[in-house]
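Take a look at the chain below.

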Amino acid sequence: MDQPAPFAAAPPTPPPLGEHLRSPELRAAMLVQQEALQGARDYLRGQGFTELLPPLVGPVTDPGGRGAKALDVDYYGHPYKLMTSAILYKQASLRGFPRLFYVAPNVRVEPEETATTGRHLVEFHQIDVEIADAGREEAQEIAAGLLSHVTEHVWTTIPEVLTGLGRMEADFADIRAGKYDVRTHDEAVSRLLSLGHPQNPDGEIDWTGERILSLESDRPFFVDDYPKGSRGFYDREDPERPGVLRNFDLIAPHGYGELVSGSEREADYATLVTRMRESGENPAKYAWYLKEAREGIPASAGFGMGLQRLVRFLTGFDALWQVSAYPKLPGVVTP
C-alpha cells in the first residue's frame, strides 16, 4: 500500500477554491465519500440505529483536547458555542433513542502547527454513534463492523474509482474480513519507548507516536485503556482499575492514524461533577446536561468515526484537505 508522506513533507495548502472544486482528484474523493456514507447508513440502520440530525450550537460543547478550541456565538445575548462534538447531546438523547447516530458537522479551532500534519481540518464531520446499556466491547464491535462494511461497500460499488487512485484491493482484505488487533495504552507506550520515541505514559498517544505505530501495522488495531486525565470527563473510569479509562481508539494501518475514538460513558451525576472539577471544568457551565444526568441518563458506550479521515484512508490521499470539498486548514484563512 502507498505510504502517506511524512509530516515534514505534507502537501501544500489547497489551491484556490474554484480550481480545487474542478479537480478530478476531488471528484473521485467525493464519489468515495458518497458511497462511504451510504454504506455507513445501511450498516447502522441494519443494526437498529436511528439517525438524528445533531445540534450546531449550544450553551456548552465538548471541552476538547490537544489544544483545540471552540468558536463563540452570540445567541440572543447568551454566550453559545459551535459544536466541537455533540457527545453530550448523544447521551441526553438515549432515553428516547437508545441506539442512535449522527453524521455530525464539527468546528474545532486547531493549533496552527497542525496545518501541516495532513490530519487536521477546522471543519470536519464525524459518524457519531451511541448505544444505551452497552459496554466498550459492544461499541468496538460496532465500530469494527462499520469500518468493514463501509470498506466492502465502497470496493463493491466503485472499485474502478479506487483502482484509478492507485489503491490495491488486496490491501483491504483484512478489514473486509473483520480482522483487527488490540493493544493497551501501556503496551503502545512501551513499544514507542523501545523505538526511542519519548511518549508520555500519562497522556494520549501523540501524533508522531500514533503515526509510528500505524506505519508498522498492516491491519487496523484498537488501543484500549487510556489513563485518567488524558481524555474528557465523560469517559468512564474502570471501577476495578482506578486511574484507567474504559475507552479506545481505532487506528488505521500504513500511517493513516486514528479513525475512531470512543468509550464507555460516565452517567452518574455525582461522579460527573467530580470528574468535571478534576479536569478544571466549571460544572455550572453544564447545567442542562447535569440536569439530565440527575434525572437519569442511561449508561452507554459510543464513538465518533472521522468521515474525512475514513475517506482519506480509503482513497490514499496525503492530506485531509484533498478529501474535503471546502477545506479549512488551521491558521489558513480561506472562503
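Take the contacts in the protein chain between residues at least 6 apart in sequence: 72% of them join residues at least 24 apart. Keep in mind that this is a predicted model.

What is the chain built from? The protein chain contains 11 helices and 11 strands.

Now the overall dimensions. A compact globule of 335 residues would have a radius of gyration near 20 Å, and the protein chain, with 19 Å, agrees with that. The C-alpha trace spans about 55 × 50 × 40 Å along its principal axes.

Here are some values for the whole chain.

| Property of the protein chain | Value |
|---|---|
| Radius of gyration | 19 Å |
| Buried share of the 335 residues | 52% |
| Accessible surface | about 14600 Å² |
| Carbon and sulfur share of that surface | 52% |
| Distance between the centres of positive and negative side chains | 2 Å |

Next, the charges. The protein chain carries 34 positive side chains and 49 negative ones. The centres of these two sets lie 2 Å apart.

What comes just after α11? G316 follows, with a positive phi of about 85°.

Conventions
Residues are numbered from 1 along each chain as its sequence is written. This is a predicted model: local features need pLDDT of at least 70, side-chain atom pairs count only at pLDDT 80 or more; totals for chains, interfaces and linings use all residues. Side-chain values use heavy atoms; hydrogens and water are left out. Helices (H or I, at least four residues) and strands (E, at least two) are DSSP runs, numbered from the N terminus. The radius of gyration is taken over C-alpha atoms; the globule rule is 2.2 Å times the number of residues to the power 0.38. Buried means under 20% relative accessible area, exposed over 50%, partly exposed in between (1.4 Å probe, protein chains only). Contact means heavy atoms within 4.5 Å. Accessible areas come from the Shrake-Rupley method with a 1.4 Å probe; for residues, only the protein chains shown count as cover. Lys and Arg count as positive and Asp and Glu as negative; His and the chain ends are not counted. The place of a charge is taken as NZ of Lys, CZ of Arg, CG of Asp or CD of Glu.
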